[in-house]
Amino acid sequence: MIGIYLIAAFVISGLLFLNRNTLLNNLLLIAFVILQAGFTVYEYLHKGITELGFFRPDALGILLLGTLCIVCIPAILHSYLYIRNHKETTPRVRAIFFSALVMLITAVGAAYLANHIAVAWIFVEITTLSASALIYHHRNERSLEGTWKYVFICAISVTFIFIGILFLSMALRQVGSTDLSFDNLMSKASQLNMFWLRLAFLFIFTGFTAKLGLVPMYTAGIDAKDKAPAPAGALFATVLMNLGFVGIFRIYVVIAQTPLHDWANSVIMIAAFLSVFIATVYMVKVKNMKRIFAYSGIEHMGLVMLGVAAGGIGYYAAILHIILHAFVKSSLFFQFSQVYRTYQSKSIYDMGNYFKYNLTGAMILLLGFICVTAMPPSGLFISEFMIFRSLFQGHHLIVLVLVLILLTMIIWAFGKNIFKLLFAPPIGFNDSNVAIIRPVESLSQFALLALSVYLGLNPPLQFVNLIQEAIQKLPV
Amino acid sequence: MINVLLITFAMSLLYLSIANRLLTYIKILSLQGILLFGVAFIELNEISTLNLVLILLETIVFKAIAVPVFINYVIKRNNITREAEPFLPNFVSLIIVTLIIVVTIILSTSISDPYLNKIFFIVALATIFSGLYIIATRKKVITHVMGYMIIENGVFILSLAVGNEMPMLVNLGIMLDIFASVLILGIFVNKIGDVLKDVSVDQLRNLKD
């Protein structure tokens, strides 16, 4: 099935690229959504069966593939609205945009399921290519700069991952094996050469931080989310970050079987704590709403990796957190394109009184703020609480206290800007011809936020079992 | 013979650190491509003919000819001035690159792995870190691209060290090299040249917080 899926998706992407007709464009997008949904359901029903030798839908892959499917449908819908509202978009630019969007979603999905580190790596490269086309959508100097930085940093990061893979093969050589699939690495974990494994982990971790959005390589992602159109930014801030998590998590599971486990935990904890710290510093300072959302993503990924490093209940919380974060953050990004249509600016200084101009949208932002800062009843509250518990149980009290202080500052900084946007009157804003936005365009955001609350407070048994299965190979 | 080639390669890094002109950088990149072909040809004696042809194309045609010609074209077309404009004096650069090589030698002597081909490891690691150093300390965007090409050369040497057991990894390395170079240079020649006339990093400094 995955072979059919990949071929069909790439054919759709190619047709979108060549096509200039609006009707055909929309039909192709609908076909892709159906394909993506069908593929997700099929993989869920065929869990654990290896396909084409390199792809195996395990529990983690299926969870994130489901997340991808749920996020990508509104993403395509909002992309369609975005293009329709930008009348100046030529058919050629539109064709490139949708073609790259479909390619990005396909590559992310395939990378989730890849059971071989080199195959996952190839799809990570394809995501870089398609993401750069999306960032360059507006074809001006700023978006060029964003694209250039993203491409360059991602090129270095994929090179780092490749160096990591080479070191991994050296670690395997001692065992006399050349098979770099995750299953083989798992079964031979205890016999690997520890020196090479350590180097391999360092390089692979550093490489994937560009996608995950952790220190040291988080910078490229911020510019990308800022410069890309908001629906594409929503994908970068959610499913693409999850791809970085998958890459690190799969190699972490191997490391966890070896004596290097504690060392890897310390590496991850340092990077994660620094990420939360940097996110705090910038969220206090930044005045661009989209970049505030992007830095909020850095903070959440830092929390996720803190959960992984702390262990215990933290593993469960980490996976729950990335899934719920994907729903919440994508709805905020989708809403942002409506905010931009109202104010024609990203700066917080130009915004205000949003309740007056778009009641439904303002409610989304208010609820989204409550959800993303993990206040009850947000589902993220549950997962963050479990992460804090795991830090407490792991005797990382100093880290826990510092992180809580930083999170308080983040809530203050985020709240200050959101409430300015919602309630304070804007200065020098001419509201005589504000764009009218239909409430129905906010429907998908409500659905995503509701889903995140539901999955956090009352998770279905199937969902819990899948998360438990994803982390069962990790030592308690 | 491999040792001679690899040591020449390491010496080219030292020369790179004191090079003043962009043309010298391009010539060094070209020389490195030829040296890499020699290393690959001698080292990979168990490899199939098809793979060898691929490596020949990659090293000679791509690394030694296509990329340097292309960068030269970009420089001419965009009227980029010919100085490399380092942030640090050449003397300091020379010392730092020497230190990088010394540190990698010390690091490799601490490894007790009977399968390890030490000279490959030393030269590869030194090349990767020198490339990062070049990227960090040069002002122009085009020198960043060349620094990235140098990192790629280091990765290629590293992949040759395991090339006999796992030829797939050499091929993947080649794929990475071509893919990333085409992407980076493609953006460079098509877009940056049009939007920005004088290509230095100074122009690409608007996105910040």
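Student: At what angle do the axes of helix α2 and helix α4 of chain A cross?

Tutor: A word on the source first: this is a predicted model, in which local features need pLDDT of at least 70 and side-chain atom pairs count only at pLDDT 80 or more, while totals for chains, interfaces and linings use all residues. Residues are numbered from 1 along each chain as its sequence is written, with chains lettered from A and ligands numbered from 1 in the order in which they are written. Now the general idea: two packed helices are described by the angle between their axes and the distance between the axes. In chain A, the axes of α2 (residues 22–45) and α4 (residues 91–113) cross at roughly 5° and come within 12 Å. That makes α2(A) roughly parallel to α4(A), the word for angles under 35 degrees.

Student: Which residues of α2(A) and α4(A) meet?

Tutor: A contact needs C-beta atoms, placed from the backbone, within 7 Å. From α2(A) come A:Asn25, A:Leu29, A:Phe32, A:Gln36 and A:Glu43, which meet A:Arg94, A:Phe98, A:Val102, A:Ile105 and A:Leu113 of α4(A). By class, this contact has six nonpolar, two polar and two charged residues (nonpolar: Ala, Val, Leu, Ile, Met, Phe, Trp, Tyr, Cys and Pro; charged: Asp, Glu, Lys and Arg; polar: the others, Gly among them).

Student: How many residues of α16(A) are buried?

Tutor: Count neighbours: a residue is buried if 20 or more other C-beta atoms lie within 10 Å of its own. In α16(A), 10 of the 14 residues are buried, so the helix is largely enclosed by the rest of the structure. Among them are A:Ile364, A:Leu365 and A:Phe369. The buried residues of α16(A) pack against α13, α14, α15, α17, α18 and α19 of chain A. Just after α16(A), A:Ala374 takes a positive phi of about 60°.

Student: Where do the domains of chain A lie, and which helix supplies the largest share of domain 1's side touching domain 2?

Tutor: Domain bounds come from an automatic or database domain assignment, here domain 1 (1–257) and domain 2 (260–476). Their centres, taken over C-alpha atoms, are 21 Å apart. In this pairing, 42 residues of domain 1 of chain A are in contact with 44 residues of domain 2 of chain A. On the domain 1 side, the largest share, 13 residues, comes from α3(A).

Student: And how many residues of chain B touch chain A?

Tutor: There, 29 residues of chain B are in contact with 31 residues of chain A. α7(B) gives the most to the chain B side, with 12 residues.

Conventions:
Two residues are in contact if their C-beta atoms, placed from the backbone, lie within 7 Å. Helices (H or I, at least four residues) and strands (E, at least two) are DSSP runs, numbered from the N terminus. Axes are lines fitted to C-alpha atoms, for helices over the stretch in contact, and angles run from 0 to 180 degrees between N-to-C directions. Angles under 35 degrees count as roughly parallel, over 145 as roughly antiparallel, 65 to 115 as roughly perpendicular and the rest as oblique. A residue is buried if 20 or more other C-beta atoms lie within 10 Å of its own, exposed if 12 or fewer, and partly exposed in between; C-beta atoms are placed from the backbone.
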